[in-house]
Each structure stands twice: as structure tokens, then as C-alpha cells.
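This briefing reviews one structure for computational work. It treats the ligand site, the aromatic contacts and selected features of the backbone in turn.

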Amino acid sequence: MSDAASYSVRDGIAVITLNNPPVNSMSAATRVALGAALQKAEVDASVRAVVLIGSEKAFCGGAEIREFNTDKTRVSPVLPEINDMQDAMKKPLVAAIGGFALGGGLELALGCHYRVAMPKAQLGLPEVKLGLLPGSGGTQRLPRVVPMAEAVKMMTTGNPVSGDRAKQLGLVDEVVQGDLLQGALKFAQELVQNKKGPRRIRDLQARLDGDPKAFFEAARAEVRRASRGYPAPLEIVACCEAAATKSFDEGRKEERERFLKLVEGNESKAMRHMFFAERQTAKIPDVPEDTPTRPIKSAAVIGAGTMGGGIAMNFANAGIPVSMMDVTDEAVGKGLEKIKNNYAATVSKGRLKQEEMDKRLGLIKPTTRLEDAKDADIVIEAVFERMDVKQDMFRKLDAIMKPGAILATNTSTLDVNAIAAVTRRPQDVIGTHFFSPANVMRLLEVVRGAKTAKDVLATTMKLGKTIRKVPVVSGVCDGFIGNRMVEKYGQQSLFLLDEGCSPQQVDAAAYKWGMAMGPLAMGDMAGLDIGWEIRKRRYVERPNFIYSKVGDKVAELGRFGQKTGKGWYKYNLPDRRPIPDPEVEKIIADYRKEKNIRTRQISDEEIVERLIYALVNEAAYILEEGIALRASDIDMVYLTGYGFPPYRGGPMFYADTVGLPKVLASIEKFQKGYMGEVWKPAPLLVKLAKEGRKFNG
Ligand code: NAD
């Protein structure tokens with residue numbers, strides 16, 4: 001027996017202790033050791049009952065992710081075989097749950113005959129978050145101990161419950177205050193004294209009162225509404241129905257079949273891809289993981305506008321004191337007021353305690369003096385998007401900031417190298433591109449300048465994690481990864497209008513496909529003036545860049561989107577729901593007439609292809625140019641910054657699932673269509689398609 005599960009006997013109770021730090025995952029070695037220990041306990045004549053325990057931090061975290069996609073996952077005994085061993089045991093088996101029992105970890109606990117837990121332990125079946133369902137009896141055993149509605153909720157949301165709540169639900173038999181092992185041993189001794197033998201969950205009835213048909217009809221309707229486009233939640237409901245209406249073995253069989261179907265499906269492959277993609281972004285080939293980082297104990301933000309306030313909140317939320325500077329008392333006051341309102345809204349929703357809000361606000365120091373930034377370990381500039389303004393600010397920061405401080409810019413389009421060049425310390429300059437609202441959006445593009453020092457990059461990546469963002473490295477180019485791609489997406493959305501679509505048709509097709517919102521509704525949210533400004537710049541900088549001018553026609557009328565109550569749609573503010581507007585239809589119709597554009601019916605399928613492949617093609621250039629380190633980083637940018645549906649896995653992963661030759665064929669077809677000259681297939685796409693390879697290869 002290896003160390004992964006130790007065995008000892010105390011007063012007739014066998015104690016099997018899982019010992020596979022950090023989370024006691026069910027690695028192959030752990031399963032082998034556990035199987036052997038269970039057998040030993042069963043035949044050991046001195047043993048009357050068995051306690052299965054992990055550490056105080058982790059009972060068991062489920063499958064070992066480091067062994068995913070390896071043969072080790074198939075090493076016997078696999079978890080269902082362990083569950084069978086547990087069911088076959090003639091001695092009562094007690095799970096003692098400290099820390100967490102998640103996924104396969106909870107299924108292991110459900111295979112035990114009894115469960116005790118610490119009050120704050122976390123018990124859950126989060127498989128749905130990877131597009132899967134609990135595949136080792138979880139869907140059959142959980143509803144046999146907790147009420148069906150709760151079981152459905154736990155498995156379709158994936159959210160865990162505490163030990164205390166688990167006791168209320170029937171998931172654990174006793175909450176142990178104080179030492180977990182002592183409590184579990186006492187519980188086991190009482191079982192022995194009271195001559196209580198094994199109590200297999202498989203022998204119990206599902207906990208559902210009333211008519212299963214009506215219950216599951218309602219459950220399906222609710223889950224379908226809440227899980228737009230995701231297949232796993234509905235599969236979970238189906239398994240729960242089997243638990244209520246079929247024998248345990250039949251239910252298990254159905255669970256197995258549905259599990260395998262999900263494992264093979266693109267949705268769960270996409271979600272697993274995203275799970276690993278998130279863990280990849282911090283790996284930078286030429287910056288070793290042990291690169292020393294600079295301590296970040298204080299921060300400063302310059303500019304208290306839309307972005308500055310949100311960025312300051314990120315620091316305060318992480319317990320890092322931050323000063324927030326703007327030019328006038330009024331601007332600073334407005335910025336601070338917005339922060340307060342933001343926190344207050346969270347407090348009123350019950351998601352933040354008033355004391356915590358006060359503590360966080362106390363960490364934000366409003367000021368109009370730039371000198372107040374001088375001792376900060378990092379300063380993030382979020383002033384107006386103009387090169388002269390930014391360069392002026394960086395000259396000033398260079399003059400006052402202490403040596404070794406990181407000088408970061410939140411620019412969305414400007415050349416970080418040109419900003420760094422006005423300082424005497426370009427090695428300390430970096431881009432930190434947050435997304436609006438900066439306190440909410442998880443994406444942080446970390447823009448590596450030509451001279452950015454490796455330790456500055458490593459520190460900024462680490463800081464990104466500290467403030468709970470997903471940091472993704474981008475090289476310097478106009479728009480970096482995300483906005484450079486979205487420009488092509490926006491361009492197509494306007495061409496689609498030219499050719500005959502209404503804004504609502506384009507948006508509905510994108511939404512139905514899975515985007516959080518369509519491109520035109522997104523424009524209204526971001527502000528149509530922003531895109532208009534960029535286009536005006538493009539007309540000068542890149543005269544060959546082609547846009548439909550229909551976007552300008554809308555913006556010229558002062559229709560800037562939600563902020564003005566009118567854009568591609570109209571709004572009954574403060575209600576932000578878009579309402580189709582006949583005036584916009586007229587603007588578009590007039591434009592078509594002016595340009596002599598012949599309209600045609602365009603299918604939803606073509607709309608989606610043109611929007612998504614515009615992203616994919618530009619992304620292929622970005623990858624080839626080395627602006628992004630890897631295809632999965634681009635996927636992560638779209639998932640965390642642009643409302644791309646996780647079950648599609650990001651633009652690159654999606655293109656891989658469609659097949660690159662097919663993507664290329666569509667692009668070549670679009671080349672022959674309206675404004676076809678904008679479709680130049682990226683050489684990398686052509687090459688990979690020819691070689692039968694993938695972006696995420
Ligand atoms: P904003 O206009 O809301 O705020 C800018 C603030 O900077 C204003 O309060 C202004 O008073 C202040 N300011 C201007 N010059 C200053 C100076 N010399 N010293 C101190 N303060 C000064 O703009 P924003 O939307 O917050 O954008 C700020 C930066 O973030 C821009 O570079 C923008 O491109 C970038 N950005 C914006 C978004 C977005 O969605 N709004 C997203 C990502 C990045």
C-alpha cells in the first residue's frame with residue numbers, strides 16, 4: 001500500500017486517510033491505495049467499522065486534473081469500481097469530510113454509508129461547469145439523500161453547500177464541531193454500539209414527493225431557461241428523473257450513457273479546453289516561472305473616469321491601498337461617488353458586508369496631486385486616449401515615481417512603445433488593458449512593450465491574478481488581441497446591414513448562436529462615438545480600410561447608444577433593453593439607396609459565419625505575428641472579455657471544431673461577395689487547413 005492512503009486501526013475502527021496533497025485528488029495511485037485499504041479493512045477481523053478521512057483542508061477534490069487525457073485515468077480501480085467496493089462492504093463506512101468534497105470527491109463520500117462533516121466544509125458536484133455530469137453515481141445517489149429539487153439545483157448550478165447546510169438537506173448525518181477525526185471515530189463507535197450496519201444509498205428511494213412527471217416538466221423548463229445552449233444541465237435533469245423512476249442500476253446505466261455522450265460532445269470539450277486555457281495564460285516561454293517579481297504593496301491610478309474608478313476598486317478589493325488622482329476635485333469626487341454607488345449596490349444585494357465596503361473604501365485615497373502617486377509600487381494611467389496626453393503624463397510619472405516602480409498604461413489602442421519611449425525607464429513600462437466595467441470584467445490584456453523587463457512582465461501577470469483577473473499577454477499592435485479582432489467583427493456587422501439585414505436580425509442570430517449580446521447591441525453599450533472616433537482615425541491613417549459608412553450616419557445624429565438613449569436601437573432609460581427603431585431602419589434604407597446597394601435575404605447561418613470567421617481570420621494573423629502567445633490565449637480573451645459562449649470554446653477552438661478547410665472555404669466564398677476585398681485568408685489559416693492541422697493543435 002502506498003502513502004496515498006494510509007491505514008491504521010483504533011479501538012476496532014479502521015481509519016483510512018487519503019494523503020495526496022494539495023487537494024487529495026483521486027489520482028491513479030490514490031485509487032489503488034484506497035482500494036487496497038478498503039479490502040484490508042473488510043477482512044481485518046479486529047475492525048468493526050471504517051472511517052475514511054482526508055485532511056482538514058480537503059476530504060477529496062475529485063479527479064486528478066494532471067492525469068486528464070492520460071492512461072492513468074483508466075487504472076483500476078476506477079471510481080465506479082471503488083463505489084461498488086463500498087457498496088459491497090459488510091462493515092459500516094463513514095466519510096469524515098473536512099475542507100471540501102467536490103466532484104468525484106463527493107461521489108466517493110456518497111459511496112460511504114454515513115457522512116459526517118465540519119460545519120464549513122464544502123460539498124458539491126461542479127461537473128456541470130466543465131459541461132459534464134457527475135459520472136460515478138452522483139446523479140443517482142444525491143437525490144436519494146437530499147430532496148430532489150435541491151439535488152437538481154446543486155448539480156445543475158455546480159455550486160457547493162456548506163457542512164451545516166448539508167446536514168439540513170440530509171447529505172451528512174452529523175456536523176462535527178472540533179476535531180474531525182475524533183468526531184468521526186465517536187460516530188463510528190456509536191454505530192457499532194447500536195448495531196447499525198452499512199446503509200447503502202443505492203437501497204434508498206429518491207426523495208421526491210408528488211408526481212414525478214409534473215416535477216420534471218417544471219424542472220426542465222426552468223433549467224432550459226437558465227442554461228441557454230448548454231446541454232449538460234438538461235442531461236442532469238434526465239438522470240435525476242431516472243433516479244426517481246427507475247431502479248438504481250438502470251439509473252446508473254443511463255447516467256453512464258449520458259455522461260459518455262457529453263464527454264464526446266463539442267460543448268464539454270470546449271469547456272475543458274477553456275479550463276486548461278485559463279491555466280496556460282500565465283506561462284510565457286522566455287520568462288521562467290521562477291522569475292523574481294517586484295513586491296506590489298501599494299498602487300496609484302491616474303484618471304478617475306469610467307476606467308480609473310473600476311481599476312482602483314480592483315486594488316481595494318484585493319486589500320491593496322490605492323490612490324486615485326484626477327485633475328479637479330469635481331472629477332475625483334464624481335469618480336469616488338461612482339465607486340461608492342457600485343459598492344452600495346453590492347451591499348444591497350447582500351453580496352458584500354457594510355464593514356467590508358467601508359474597509360475597501362478606506363483603502364482608496366482620492367487626490368488631485370500627482371505627487372501622491374510617487375511612492376506607489378505600480379501606477380496605472382487611465383487618462384484620455386490621446387498620445388500627446390499620455391506621453392505628457394508618462395514624462396511626469398518618470399520624473400516623480402520611485403525607482404523600480406511599474407509604470408502602466410490602460411490605453412486601448414495606442415502604441416505602448418511610443419509611450420515608454422518618452423521615459424528614461426522603458427523597461428519599467430507596460431500596458432494593462434482592462435475591460436469595462438473594470439471591476440467586473442475578468443480579462444486583463446498585459447501588453448508587453450519591446451523593452452519591458454521580464455520581471456516587470458512577471459510581476460504584472462502575478463498582480464493580475466492577485467486582483468482576480470485572467471491576465472493574457474499581448475504584443476504591441478493597434479487594438480491588441482481583443483479589439484483588433486472585434487474591429488473586423490464590427491465591420492462585418494455593418495456590411496450585413498448594408499446588404500439587407502436589420503440590426504435586430506444580426507443581433508438575434510449572434511445571440512441565438514450563443515454570444516452574450518449581438519454586435520450592434522454591444523456597440524450601443526460601449527458607445528457608438530468610440531467606434532466612430534476610431535473609424536475617423538482609420539480614414540486618415542489607413543485610407544484603404546473599408547467600412548460601411550452607415551455607422552457614421554447613425555453617430556452623426558448624436559445617436560451614441562445607451563448613453564444618449566438612442567443608437568442602433570432606442571431605449572426607455574434607465575431600462576437598458578433595446579427597442580427596434582423605425583428611424584434607424586430609415587437611415588439604413590437611405591444609405592442603401594444612396595450607395596445603390598442591392599439587398600438580399602441573408603440567413604442566420606451566413607450572419608454567424610461572417611461575424612465569427614471575421615474574428616477567426618484576424619486571430620490567425622495575430623497568432624502568426626506573435627502578438628498572442630498561443631491560440632488558447634485568444635480563446636481566453638474572447639471568453640472573458642467579449643461574451644463569447646464558453647461552450648463554443650473561443651473563436652480558435654470553434655474554428656477547429658468546424659474544421660479549418662471548411663472555415664477557409666467559407667472565407668473564400670465571402671471574398672466573392674459584398675465588400676469581398678476585406679476577406680484575405682490569413683496565411684497561417686491556409687497553411688493549417690492544407691496540412692489538416694488545428695489552431696489548438
Ligand atoms: P474617461 O474620459 O471616462 O476618464 C478619463 C479621466 O482622465 C477623466 O476623468 C479626466 O478628467 C482624467 N484626466 C484627463 N487628463 C488627465 C491628467 N492629465 N491627469 C489626471 N487625470 C486626467 O475615459 P475612460 O473611458 O476611463 O478611458 C481612460 C483610458 O482607458 C483611455 O486610454 C481608454 O482608451 C482606456 N480604456 C477605456 C475603455 C472603456 O470602455 N471606456 C476600456 C479599456 C480601456
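A residue is taken to be near a molecule if one of its heavy atoms lies within 4 Å of it. The model is predicted. Around the ligand there are 20 residues, of which M307, D326, E385, K390 and S412 come nearest.

**Ligand site**

- A polar side-chain atom of E385 lies 2.5 Å from an oxygen atom of the ligand.
- D326 also places a polar side-chain atom by a ligand oxygen, here at 2.6 Å.
- Of the 820 Å² of accessible area that the ligand has on its own, the protein covers 78%.
- The shell around the ligand consists of nine nonpolar, eight polar and three charged residues.
- At least two shell residues come from each of the helices α12 (306-317) and α15 (387-400) and from the strand β15 (429-434).

**Aromatic pairs and cluster**

- The count of aromatic pairs comes to 13.
- One of them joins F435 and Y642 in an edge-to-face arrangement, with 5.6 Å from centre to centre and 70° between the planes.
- This pair links distant parts of the chain, 207 residues apart: F435 is in the loop between β15 and β16 (443-447), and Y642 is in the loop between α25 (631-641) and α26 (650-658).
- F435 has a relative accessible area of 8% and is therefore buried; Y642, at 10%, also counts as buried.
- F545 and Y547 form a tilted pair, because their planes stand at 40° with the ring centres 4.8 Å apart.
- In that pair, F545 is buried at 15% relative accessibility, and Y547 is buried at 9%.
- A single aromatic cluster is formed by F435, W513, Y638, Y642, F644 and Y654.

**Charges over rings**

- R279 lies over the face of F275, at 3.8 Å from the ring centre.
- K536 lies over the face of W532, at 3.8 Å from the ring centre.

**Cis peptide bonds**

- P21 and P22 are joined by a cis peptide bond with omega of about 5°, and P22 lies in the loop between β2 (13-18) and α1 (28-43).
- S76 and P77 are likewise joined by a cis peptide bond, with omega of about 0°; P77 is found in the loop between β3 and α2.

**Positive phi outside glycine**

- R468 is not a glycine, yet its phi is positive, at about 60°.
- The place of R468 is the loop between α17 (454-466) and β17 (470-474), and this residue is exposed, with a relative accessible area of 71%.
- M675, also a residue other than glycine, has a positive phi near 50°.
- M675 lies in the loop between α27 (660-671) and α28 (683-691) and counts as partly exposed at 22% relative accessibility.

**A buried loop cysteine**

- C60 is in the loop between β3 (49-53) and α2 (79-88).
- Buried means under 20% relative accessible area, so C60, at 0% relative accessibility, counts as buried.
- C60 and G103 are 43 residues apart in sequence, while their C-alpha atoms are 8.6 Å apart in space.

Technical notes:
Residues numbered from 1 in each chain as written. Predicted model: local features only at pLDDT ≥ 70, side-chain atom pairs only at ≥ 80, totals over all residues. Heavy atoms only, no water. Polar contact = N/O pair within 3.5 Å; in protein donor to acceptor, adjacent residues only side chain to side chain. Areas by Shrake-Rupley, 256 points an atom, 1.4 Å probe, with all protein chains shown as cover. Helix = DSSP H or I, 4+ residues; strand = E, 2+ residues; numbered from the N terminus. Nonpolar A, V, L, I, M, F, W, Y, C, P; charged D, E, K, R; others polar. Phe/Tyr/Trp six-rings, centres within 6.5 Å; stacked < 30°, edge-to-face > 60°. Buried < 20%, exposed > 50% of the residue type's maximum accessible area, 1.4 Å probe, protein only. Lys NZ or Arg CZ within 6 Å of the ring centre and 35° of its normal.
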